[in-house]
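Student: I have a protein model open and would like to learn how to read its features. Please take me through it.

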Amino acid sequence: MKQMAVLIRQALSASRRDIPNMAAVCPSTAWAHTPPYAHHARYLAVKQGRGRNNSQKTSVKPLKVEKQEKQEVEIKQSMSVSELAQAMNKDIDHVYEALLNTSVDLEHLEPNTMLGEKWIKEAIKRCGMKYKWAKIVETKVRENKDIQRQPPPDLARLVNRPPVVTIMGHVDHGKTTLLDSLRKSQIAAQEAGGITQHIGAFLVQLPSGEMITFLDTPGHAAFSAMRARGALITDIIILVVAADDGVMNQTVESIQHAKKAKVPIIVAVNKCDKPQADPKKVKRDLLAYDVVCEELGGDVQAIHISALQGENLLELAEAIIALAEVLELKADPLGLTEGTVIESRTDKGKGPVTTAIIQRGILKKGCILVAGKAWAKVRLLFDVNNQAVAEAGPGTPVEIVGWKELPSVGEEILEVESEQRAREVVEWRTYTEEQNKLKEDQRVIVANQMQHQESYKKERERLAHLSWKQRKAVLYQANKHRMACRPSERAETEELSLSLIVKGDVEGSVEAILNILESYDADEQCQLNIVHFGVGDISENDINLAEAFSGTIYGFNVAANKSIQDIAAKKQIPLKMHRVIYHLIDDLKEELGSKLAPTTEEKIIGEASVLATFDVTIGKKKVPVAGCRIQKGQLDKKMKFRLTRGREILWEGSLTALKHHKDDVQIVKTGMECGVSLDKAIEFNVGDEIICYEEIEKPQRISWDPGF
């Protein structure tokens, strides 16, 4: 120990002298300045001392190890995965890899997922970088540029307007036929399958001169949202109930919509000309839903009609006018126009077109309108007979041409002073929607991360009793599938899926289809992905989308021209075109079912009992043979067989031989005796059963029930 202390002191004193003199100071040690130990010399020669050999200069220079500067990443308090990757000048996969084996849920981490400060710093640290905070830029609060309805008008300016009447009821109870009879047209004949597919708005002039605006809403189960919308923009509801069918599901739903919107009802008991009609029963049934007709002591008018024969229609119209007078329906014809979009579609020649009910002011060509996030400079106006008109007043349905984008159904139409003002309103509404969506996304992300943190914590607690190495091994096995490749390179899952593109003639139809698809609940059988939906005919862009996602295009009341059909056929893209909504849904269910693996059902062909057993020598090998009698059906050698003893299955396979007496046969029928040998050496017992069966594949059906 002492010698060691001396050596250390000598080494320290040598650090103040020239390196060539090291051998003189410590001649007996292995610290001599020789090439194999040059690194020691470099370490001790950091600074030249002021010793007695100061005059001697050494040529040995210290080697400098340059320290590599870490890349600096500018961060904010919260960043999305893609923003962080961009700031790091890396691809997104580097961020995913940096967050492996942390409590971050990588399975639900998307490029637009927001990361908190903790995980931003962790990812940067794991990538061998350092961070700095981004400079805070003060953002000005944007001024609210939205537009609102005008204040209530002066009562002196109000004038009478036509009542807006919505015809509602169950499917096929005669709503469209009633409207057809009222306006003497053939709407019912034009509708697919005689079922109204979307809202039709019509202005009807009665012989007395009064005008009534009618809305015909679908009765089909799929169009609940459209019935609700019809109830919200109407003054009076005509509830059509078939006298031979009574109160049905959509009848009840229509009553609920009317009560929710606080709109008065007139009951039209239709099909009273039929022998099995029972109008009194209909009125009694309506009592259960708090609809009390006048003859039963209530205040609801009930008119017995036959829409097909045109009976009592004038009486129904008079009931509407009488109720409208009681309601004192008036509107302001002056000032800026206000209205509601009741239908929107893309017309091949006109572009985006909306059907609207004007509720205030007079709409003229050249007016600047805003509806939701769309605006228009009115180019053309068409009435319900597709005739161009110069203007449309309150209570009037009108088709508006001139929209830059297609507004959503149910949107409020408001007139503005200029195109610049319209753009400001649309920009503000788009900005507001984006901000609200961002907040909602952030809320969902935080909730998901908290849930994941909880499960991560429980997982750690579950492994707490293990050693560090054991815990590491368990976690590695659990996450091995994630580490196999980068997230962007992961193989697609083997889950079945069907990608859809939905196109419809009007927005209400597309909305109805999407509402049905929302009820899809068979994801465990086959995933249903809606890639795109929209209004208008099938386009080349739809074909390209379907090709990219290996999807199917479903069109409802739309067309695909010859060139589009040729492109689809060339790219093998299925085009499914329908005019009736339940046919479309049935077709979709069938396609979903075709994705599923067929189920196998077993059909028993015949049964035989073993009566005797013996061995047959074939070459040098003894083969066990069973002597049997057919008890039921027949044994067919080409089918599958099963050997059972009591409830135990001993063997399944095929026969190597089937003999009747000494002849090889293909089939042995009931009551006959035969000898059988199996494709596996198994000892038979008297009393064993041999069952002949075949497996039949049957297509699976999707478990989803859309409700109709």
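Student: Which strands does helix H16 lie across?

Tutor: Helices (H or I, at least four residues) and strands (E, at least two) are DSSP runs, numbered from the N terminus. Contact means heavy atoms within 4.5 Å. Helix H16 (residues 540–548) lies across strand S21 (497–504), S22, S23 and S24, and runs at about 170 degrees to S21. Axes are lines fitted to C-alpha atoms, for helices over the stretch in contact, and angles run from 0 to 180 degrees between N-to-C directions. Helix H18 (residues 581–595) also lies across S21, S22, S23 and S24, at about 165 degrees to S23.

The model is predicted: local features need pLDDT of at least 70, side-chain atom pairs count only at pLDDT 80 or more, and totals for chains, interfaces and linings use all residues. Residues are numbered from 1 along each chain as its sequence is written, and side-chain values use heavy atoms, with hydrogens and water left out.

Student: In what order do the 4 strands of the open sheet stand?

Tutor: Strands of a sheet pair through backbone hydrogen bonds, either parallel or antiparallel. Here the order is S22-S21-S23-S24, with parallel pairing; two strands pair if DSSP finds at least two bridges between them. Strand S22 (527–535) and strand S24 (575–578) each have a single partner strand, so one side of each has no neighbour in the sheet. Neighbouring strands are turned by 20 degrees against each other on average, direction ignored. Strand S23 (residues 552–556) is joined to S24 by 4 bridges, and Tyr 554 stands opposite Lys 576 in S24.

Student: Which way do the side chains of strand S16 point?

Tutor: In a regular strand the side chains alternate between the two faces of the sheet. In S16 (residues 368–371), Ile 368 and Val 370 point one way, Leu 369 and Ala 371 the other, and all are buried, that is, under 20% relative accessible area, where exposed is over 50% and partly exposed is in between (1.4 Å probe, protein chains only).

Student: What does S16 pair with?

Tutor: S16 pairs in the antiparallel sense with strand S17 (residues 374–382) over 4 bridges, and with strand S20 (residues 412–416), also antiparallel, over 4 bridges. The bridge partner of Ile 368 in S17 is Lys 377, while Ala 371 has Ile 413 in S20. The hairpin of S16 and S17 has 2 residues between the strands, and Gly 372 takes a positive phi near 65 degrees there.

Student: Is Ile 618 buried or exposed?

Tutor: Ile 618 is exposed, at 54% relative accessible area, and lies in strand S25 (residues 599–618).
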